[in-house]
Amino acid sequence: MSNKAFIDKSRIDHLYRPVGVRVGDFAEVEADPTREQLREQAERCMNCGIPFCLGCGCPLYNAIPDMNAAVARGDWREAWAVLSATSDLPEFPARICPALCEGSCTASLPSEAVMIRQIEKAVVEKAFAMGLVKPVVPKAENGLKASVVGSGPGGLAAAIALRRRGYAVTVYERAAQPGGLLRYGIPFFKLDKRIIDRRIEILRESGIGFVCGVEVGRDLAGEELARRSDVVAVAIGTPAARDLAIPGRDLAGIHLALEFLGGQNQALGGEIPGPPISAKSRRVLVIGGGDTGSDCVGTSNRHGAESVTQIEIMPKPSAARADATPWPDWPAQMRTSSSHEEGCLRRWSLNSLRFLGEDGRVSGVEVCQVAWELSPAGRPLKFTPVEGTREVISCDLVLLALGFVKQDRATVLGKLGIPDSPTVVLVGDAALGPSLVVRALAQAKEAVGKMA
Ligand SMILES: Cc1cc2nc3c(=O)[nH]c(=O)nc-3n(C[C@H](O)[C@H](O)[C@H](O)COP(=O)(O)OP(=O)(O)OC[C@H]3O[C@@H](n4cnc5c(N)ncnc54)[C@H](O)[C@@H]3O)c2cc1C
């Protein structure tokens, strides 16, 4: 592509269904661009000599300019060939990736980044509609057995990579259905679970077996699993959520974010009759300003919360790219998710000191403002409380979205009872710590590729 569309055509930033409509359901919030919009947006890809989107942005090294060029020509078959050459499960990042590629898009220097993620989604959906998405075919069976523990994106990517190398692959999953956080964490309004089912079907056709409802280390001894496998990929994610050990934590109405989000997804998936935690008519306080917190905001609004407030200990990000993250790094800057647009008071630089209660249920959180010491580039280093800023935020449902803790290899394997050996590989968040779907996919593929 050599045209100059990035100069005279603007980026379409987000295409969401109207707020008033989408808060009434759990269907995906995103609306699809028209064919014409897709062509125009793909033409904005500037055919730059050094495409930083794939060198610095996309962990999978997707050949984004080639994909965009094919979409601009209307050649969906070629676009899928390009995308699927590097991305085994593109339907997931195409929906929920923060689009690291767009953060390092060259067009964002003179203009605005290309709308890469939604173009990728259109390519994936077109490929499914055209019957181009096929089961994995190994070059040759190698006669060896591989076990994968955990069926989140990391586990699925490892299973594909192992199957491609000719292993007979079985995935063990403690939950009732495969998918990990794709199914039991990320809300339906970001990712419809039929997208996971569609892929699992193809993986089964590829000869990958799924054994759900089995927790390795409890229902199946790790040692036994290792004995019956030639290689083991451990993809258990980061199950340990960070808690908030302040006075009053044992009051009713204070929950970890995943208890809230997971229960909602189980209810929508028909596994349980209804969500075990309801935000209906509640004054919700979400503690933690990241993506998980934002998912709690969106879910609370769909429940019919009276009000939703989200607080964060870190300082308010700047509206523009911060100096600490120059292009082509992923920009630290203020982000407003579709959930925030649906209604939420957001506050920053607040530390939570204690929970207050009435009749055993939480009624508020005492907080105070903190002042941050910043590095010369503007990176927050450490905070101190600001005198005289204590206040109580009233609430009757608190959702703790404080992130997850990375465990080291010895702890992970020790818990599962899997003896350490060169034939055991950690993949996805279990290896990286809490991360992103696209990073879990890339790491899993690479780690399996490096196995002897
Ligand atoms: C609420 C939330 C929202 C998120 N939103 C986004 C987003 O929008 N975009 C994005 O890119 N990333 C997002 N992430 C991060 C993303 O979900 C993770 O990075 C990704 O799922 C990691 O994949 P994984 O396969 O390594 O682990 P997981 O998805 O955590 O899967 C681990 C699996 O292992 C299973 N397991 C654990 N122990 C055992 C055992 N002993 N035996 C058998 N099975 C076991 C678990 O049940 C689970 O199914 C979000 C995370 C959360 C919590």
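The model is predicted, with local features requiring pLDDT of at least 70 and side-chain atom pairs counted only at pLDDT 80 or more, while totals for chains, interfaces and linings use all residues. Residues are numbered from 1 along each chain as its sequence is written, and side-chain values use heavy atoms, with hydrogens and water left out.

**View 1. Helix α5 packed with helix α6.** Helix α6 covers residues 76–86, and its axis comes within 8 Å of the axis of α5, the two crossing at roughly 170°. Axes here are lines fitted to C-alpha atoms, for helices over the stretch in contact, and angles run from 0 to 180 degrees between N-to-C directions. Helices (H or I, at least four residues) and strands (E, at least two) are DSSP runs, numbered from the N terminus. The angle therefore makes α5 roughly antiparallel to α6 (under 35 degrees counts as roughly parallel, over 145 as roughly antiparallel, 65 to 115 as roughly perpendicular and the rest as oblique). Asp-66, Met-67, Ala-70, Val-71 and Arg-73 of α5 make the contact with Trp-76, Glu-78, Ala-79, Val-82 and Leu-83 of α6, where contact means heavy atoms within 4.5 Å. By class, this contact of α5 with α6 has 7 nonpolar, no polar and 3 charged residues; Ala, Val, Leu, Ile, Met, Phe, Trp, Tyr, Cys and Pro count as nonpolar, Asp, Glu, Lys and Arg as charged, and the others, Gly among them, as polar.

**View 2. Helix α5 packed with helix α9.** Helix α5 (residues 64–73) and helix α9 (residues 116–129) pack at an angle of about 60°, with their axes 11 Å apart, which makes α5 oblique to α9. On the α5 side, Ile-64, Met-67, Asn-68 and Val-71 meet Ile-116, Ile-119, Glu-120 and Val-123 of α9. The contact of α5 with α9 comprises 6 nonpolar, 1 polar and 1 charged residues.

**View 3. Helix α9 packed with helix α12.** The axis of α9 comes within 13 Å of that of helix α12 (residues 194–205), and the two cross at roughly 50°, an angle that makes α9 oblique to α12. In α9, Val-124, Glu-125 and Phe-128 meet Ile-195, Arg-198, Arg-199 and Ile-202 in α12, and the residues of this contact of α9 with α12 divide into 4 nonpolar, no polar and 3 charged.

**View 4. Two backbone features in loops.** The peptide bond from Trp-327 to Pro-328 is cis, with omega near 10°, and Pro-328 is found in the loop between β7 (307–311) and α16 (338–341). Asn-47, a residue other than glycine, has a positive phi near 55° and lies in the loop between α3 (35–43) and α4 (52–57).
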